[in-house]
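The exercises below ask the reader to work through one model, element by element, and each task is followed by a worked solution.

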Amino acid sequence: GQHLSRTAVMTTSQISIRGDAVLVRLGKHEIPVPGSLGRILTELTRTGRTHTGIGSPPASPWLFPGGMPGQPITASRLGERLRAIGVRALPGRRAALIDLAAQLPAAVLADTLHISPGTAVRWTRQAGADWNHYAAGIARSRDHQP
């Protein structure tokens, strides 16, 4: 659910492998990724890009190095490359946000994704989530007394 502008500037240090699990660190959190994406990310971190230009450093910290030496790919160029292989980023981002909005209250969603509270409320409504009883449910699950 990340913007392409955030994906484009990801570094190889944000990818970690623990056993069979591949994790992506976004902010303070590590998120497991599905197997097929995990294999691609593992390959990218191990081998890097398949070509380098004149003046390119021998090793790049960027997961997606750009055409300019030492710089990441631009968001627009990453989008072009994804579209060329049939991947449209915006529908995937929307689906991920709706899935998160169905699982999290708007306040948590806003804080986690650094979006405005109003935007988070709209996403939770679109996901059909009802968080009116969220706090009471948390209190009950922690054996709190009302």
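**Exercise 1: Helix α5 and its surroundings**

The buried residues of α5 pack against α1 (4-8), α4 (89-103) and α6 (117-127), where contact means heavy atoms within 4.5 Å. The model is a predicted one, in which local features need pLDDT of at least 70 and side-chain atom pairs count only at pLDDT 80 or more, while totals for chains, interfaces and linings use all residues. Residues are numbered from 1 along each chain as its sequence is written, and side-chain values use heavy atoms, with hydrogens and water left out.

Task: determine which residues of helix α5 (residues 106-113) are buried, and which are exposed on the other side of α5.

Solution. Begin with the terms: helices (H or I, at least four residues) and strands (E, at least two) are DSSP runs numbered from the N terminus, and buried means under 20% relative accessible area, exposed over 50%, and partly exposed in between, with a 1.4 Å probe and protein chains only. By that criterion A106, L109, A110 and L113 are buried in α5. Viewed down the axis of α5, these buried residues fall within an arc of 100°, so they line one face of the helix; the arc is that of the directions from the helix axis to the C-beta atoms. An α-helix has 3.6 residues a turn, so residues three or four places apart point the same way. On the other side of α5, A107 and D111 are exposed, and the helix is followed by H114, whose phi is positive, near 55°.

**Exercise 2: The nonpolar cores**

Task: list the residues of the largest nonpolar core and find which element gives the most to this core.

Solution. A nonpolar core is a set of buried Ala, Val, Leu, Ile, Met, Phe, Trp, Tyr and Cys residues joined through side-chain atoms within 4.5 Å. The largest such core has eight residues, namely L97, A101, A106, L109, A110, L113, A120 and W123. Two or more residues of this core come from each of α4, α5 and α6, and α5 gives the most, with four residues. For L97, once its neighbours within four places in sequence are left aside, the contacts are L113 and W123. A second, separate core has seven residues, among them M10, V24, V33 and L63.

**Exercise 3: The sheet**

Solution. Two strands pair if DSSP finds at least two bridges between them. Strand β1 (residues 15-18) and strand β2 (residues 21-26) are antiparallel and share four bridges, and R18 has A21 of β2 as its bridge partner. Two residues separate β1 from β2 in a hairpin, and G19 in the turn has a positive phi of about 65°. Next, β2 is joined by four bridges to strand β3 (residues 29-32), again in the antiparallel sense, with V24 opposite I31 in β3. The hairpin of β2 and β3 likewise has two residues between the strands, and there G27 takes a positive phi near 70°.

**Exercise 4: Salt bridges**

Task: work out how many salt bridges a search of the whole structure finds.

Solution. A salt bridge is a side-chain nitrogen of Lys or Arg within 4 Å of a carboxyl oxygen of Asp or Glu, and the search finds two. R18 forms a salt bridge with E30, the closest N and O atoms being 2.7 Å apart. R18 lies in strand β1 and E30 in strand β3, so the pair ties together parts that are twelve residues apart in sequence. R18 is partly exposed at 49% relative accessible area, and E30 is partly exposed at 33%.

E80 and R77 also meet in a salt bridge, at 3.0 Å from N to O. They are three residues apart in helix α3 (residues 75-84), and are therefore separated by about one helical turn. E80 is partly exposed at 40% relative accessibility, as is R77 at 38%.
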